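The notes follow in the order in which I made them.

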Amino acid sequence: MKKLPFLLLIYISLSSFASAPTLNLAYAWESGELKIAPGNEAVAKLYFFNVTGDSITHITLSVKEAPANWGIELQPPVHTVTVKIAGELIERQESLYVEPSQIFTERPENIPNGTEVISPKAGQYIIAKPALVKIKIPANEIIGKEFTIVISALEEILEQKGMVAINAVGEITLKVKIV
């Protein structure tokens, strides 16, 4: 189980009508700043989960802002997947998807492959899908400088024929200090 000592939680909640699907995706990451030496690499882990929505949420991650000469890699990368919507197979691009879940008061026993259990506070356990932000700093970066990396998370719920029923964009800001 991953304990997150300083956890930032962001919830996005959208719904149009009582009968429409609801988008209630949340994401979390350890707060604070990443400290990286010139020429080195670091990894930030983001967690995505949906504890109040009623539909699978498809997520596409992208780098919105980062220093131009840095190497930023997102895992999983955007890739083609085939989803079944109303009996039809539809191909689309996404990074990952999150199924509706819940907040548990005890650590869940059965954890689906590709997920982890996080604990945002005592007595709360959530099954979440991780994504990694791999950051490579150039060797000539100046010690003491601080930078911001912004990751965009496009969240979508699909309906018949793969059309987007609801979507929202969240932004995750990572602070990096060169040490």
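I began with the lining of the second largest pocket, which by class has 7 nonpolar, 3 polar and 2 charged residues. Here Ala, Val, Leu, Ile, Met, Phe, Trp, Tyr, Cys and Pro count as nonpolar, Asp, Glu, Lys and Arg as charged, and the others, Gly among them, as polar. The model is predicted, so local features need pLDDT of at least 70 and side-chain atom pairs pLDDT 80 or more, while totals for chains, interfaces and linings use all residues. Residues are numbered from 1 along each chain as its sequence is written, and side-chain values use heavy atoms, with hydrogens and water left out.

Pocket. I listed the lining as F48, Y97, V98, E99, P100, S101, P112, N113, T115, I127, A128 and K129. A pocket is an open set of points on a 1 Å grid over the protein atoms alone, where a 1.4 Å probe fits, with protein on both sides within 12 Å along at least five of seven lines; lining residues have an atom within 4 Å of a point. I noted a volume of about 150 Å³, meaning the space filled by probe spheres set on the points, which are joined across faces, edges and corners. Strands β10 (96-98) and β13 (125-136) each supply at least two lining residues, and β13 gives the most, with 3.

Chain. I found 0 helices and 15 strands. Both are DSSP runs numbered from the N terminus: helices are H or I of at least four residues, strands E of at least two. Of the 179 residues, 42% count as buried, that is, under 20% relative accessible area with a 1.4 Å probe, protein chains only.

Cores. I looked up the largest nonpolar core, which has 25 residues, with F48, L61, I151 and L174 making the most contacts inside it. Such a core is a set of buried Ala, Val, Leu, Ile, Met, Phe, Trp, Tyr and Cys residues joined through side-chain atoms within 4.5 Å. Another core, of 8 residues, lies apart from it and includes F49, I118, I126 and A128.

Residues. I checked S152, which is in strand β14 (residues 146-158). S152 is buried, with a relative accessible area of 12%. Leaving aside neighbours within four places in sequence, S152 is in contact (heavy atoms within 4.5 Å) with T60, L61, S62, K64, V169 and G170.

Peptide bond. The bond from Q75 to P76 is cis, with omega near 0°. I placed P76 in the loop between β7 (71-75) and β8 (79-85). Most peptide bonds are trans.

Key:
Buried < 20%, exposed > 50% of the residue type's maximum accessible area, 1.4 Å probe, protein only.
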